[in-house]
Amino acid sequence: MITRLFLTLFLLTLPSAAHAHKPSDSYLILKTEGASVQGQWDIALRDLDFAIGLDGNGDGSITWGELRARHDAIAAYALPRLKIHAQDEACPTRATAHLVDKHSDGAYAVLRFVAECTKPLTAVELNYSLLFDVDPQHKGLLRLEYQGTTRTAIFSPDKSSQRFELAELSLLRQFFDYTREGVWHIWIGFDHILFLLSLLLPAVLYRSKKHWEAVPGFRPALLDVLKIVTAFTLAHSITLSLATLGVVTLPSRLVESAIAASVVLSALNNIFPLIEGRRWMVAFAFGLIHGFGFASVLADLGLPQDALLLALVGFNLGVEGGQLAIVSAFLPLAYFLRNTLFYRRAVLFAGSIMITLLASVWLVERVFDLKLLGF
Amino acid sequence: MVYAAPFIPASDAEVLEQLPFKASDPTTRELRRMRQELSESPHNLDKAVALAQRYYRLAMADGDPRFIGYAQAALAPWWEMDEAPVAVLVQRAALRQYSHNFNSALTDLKLATRLEPRQGTAWSLLAAIHMVQAEYATARQDCEKLHGLASSLIVVACVATVDSLSGQARQAYSTLQKAYASAPAVPANEKLWILTRLAEMSDRLGLAEEADAYFRAALKLNIPDAYLLAVYAEFLLDEHRHSEVIKLLKDKERSDVLLMRLALAEKAINAPRAAEHQAIIRARFDAARMRGDKLHIQDEARFNLYLLNTPEAALRLAQENWLGQHEPSDARILLETALAAKDKTAAQPALYWFTESRIEDRHLEKLVKAVRGLK
């Protein structure tokens, strides 16, 4: 009796050992452009062998020669199992190339194909049924790219048909997404804000006989702020662009450490003034470093390769916008308080000391790769 | 995500993939015959269940979830039926619990035992699932139901396994030892199961030498079994016998669970392939996340704790894992991550379970003491 035979086997079943291997997945990338869809489909050789047989000589290993001999069969098996519809019309598919790729769990056949639709695509309906009949645990992992935006989806037997609206994935929306990220980053990037503030704090004052005096009018203060902000913006835009376009790259620990050092130095300069009039030069020099910092944030957000420039400009504008908001909140307040002892002692002097201390901790953390503060 | 660059291999002779079986392997032939027969009459219940069981056994042997998918495909005509035939209910439950769908597995098994109270396999699966869920009293009742349905040794072993987790470790251990020693002609697969249990029990009791001897005896049976390799590797890691782990698992990289143990051992002694294996594991976790899998959480917690050194992230994963299953290894990872993250509150569920179950386990006892000592 079957029951008796397999009893021990079931008892042994302990889920800790479950899914010891990566399950069967295929990786499908579709790029839509105009009326055509460019496809790349990575299907595990294990799966293809099970479905249509690849091991020509039966020796248990699959060679490139054996795979090559089955290329037509692979296309004939796979392509009908992916139906692409646009505006209720089928877009016929055609294989264009066969390659190989290694994924973390073994070798995959890479099937490149193209689907031609009759009209430019505004929406696409996909029906995926590869392997579902022989392995219902199989999943198709889709990456759909359209005008620089990317969407992902998973096909499984109970979700084999999915529809994607393409029109809504507009470039403009993506542009604003990056702008918003830029604003957000400058607001939560304390090191950038503190660097800027350290340079701006003395803008409503000037040095006379080793003492701080309040500027007589709004114009000189505004001019000073403008010079500093412009220099900082120019500098970090240059390096942000260079790093994002891959022209220059620096190790991130070095960049982060240098950013912390720049905050320390600019705050120290308020306590022991060395550079008085030409703080915009400091802003420019260190701005170059801060640009690399912005670039690594942008890289972490994930860059669409075909809309790199758009992401770059959007993000940069966001950073400038966020920065402008901070400056316009700071300047009137500082100008209003410039005559008070409170501003000179508590804000400028004590504030700079605190910034120096905080940034020194950052510097130590980043140089030695430690975690001392909770943020 | 691994989207390495697709390529065209240099020569036809280049081997791309190794299949689990050669065409001449008896297993391949047997499976082909069974599949052929089933495809001629896909609604033949006996043939479908037999093929599903054959695939399930393969999945147990080396942990490849593809076989679970193939087994499910064999049961396709009945898969969606609530009141499927008892043989299907039991097999479906086995497949479902493999994918951690414990509740639907329990529903199937309860129905199966109501329709056929002498369904031994169903009772043994119920016992296994209830143990995983730390429902020890219920699991014990399930074991008792096996009287007359399984060999008396299996019944003793089932009860002893439950008892060893719920406050009678020493007595359960010696009962099972005696029963095993005096049992006549035990089939090899039962031997494997009982030796593995004895090894685990003695390890929990701190009898490392005895555990080692049982593990070796189990390995000597030469029955491929992913679970045995995983628990023995864990035992060796605890004993700091890292090079033995590497020897045991060196050609088992395909299995995620075993590769993880291999990488832990390699990291401990700075073995040459440590970094490479760590990168592969990370890629597999990424792939699992893309496919929406949550079956790896316990190991992902371990990966974060020991290979990435990110205890907070590891703790979150261990907590999530604890929601689904309460085996000693689940408690252990929760305690280990809570200890590393210095978060006593997070460890509370495991501390409660430890007291409530009255489990005796030298690893857990040490950890519980350390966690209780946290401020």
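This is a predicted model. Start with how the two chains meet. In chain A, 56 residues are in contact with 70 residues of chain B.

Which elements of chain A supply at least two residues each to the side that touches chain B? There are helices: α1 (2-12), α2 (45-52) and α3 (64-69). There are strands too: β3 (61-63), β6 (93-103), β7 (106-116) and β9 (139-146). And which gives the most? That is α1(A), with 10 residues. By residue type, this side of chain A divides into 25 nonpolar, 17 polar and 14 charged.

Now look at β3(A). It pairs with a strand of chain B, β1 (residues 15-18). The sense is antiparallel, over three bridges. One bridge to find on screen: S61(A) has Q18(B) as its partner in β1(B).

Next, the sheet in chain A. Six strands form it, and it is open. Read the order with me: β6-β7-β2-β1-β9-β10. The pairing is mixed. Why do β6 and β10 (149-155) of chain A each have one side without a neighbour in the sheet? They stand at the edges with a single partner strand each, so one side is left without a neighbour. From one strand to the next, the twist averages 20 degrees.

Inside that sheet, take β1 (residues 25-33) of chain A. This strand and β9(A) pair in the parallel sense, over eight bridges. Find S26(A): opposite this residue, in β9(A), stands G140(A).

Last, a helix on the sheet. Helix α4 (residues 71-78) of chain A packs there, touching β2 (36-44), β6 and β7 of chain A. Its direction makes about 65 degrees with that of β7(A).

Technical notes:
Residues numbered from 1 in each chain as written. Chains lettered and ligands numbered in written order. Predicted model: local features only at pLDDT ≥ 70, side-chain atom pairs only at ≥ 80, totals over all residues. Contact = placed C-beta atoms within 7 Å. Helix = DSSP H or I, 4+ residues; strand = E, 2+ residues; numbered from the N terminus. Nonpolar A, V, L, I, M, F, W, Y, C, P; charged D, E, K, R; others polar. Pairing = 2+ DSSP bridges. Axes fitted to C-alpha atoms, helices over the stretch in contact; angles between N-to-C directions.
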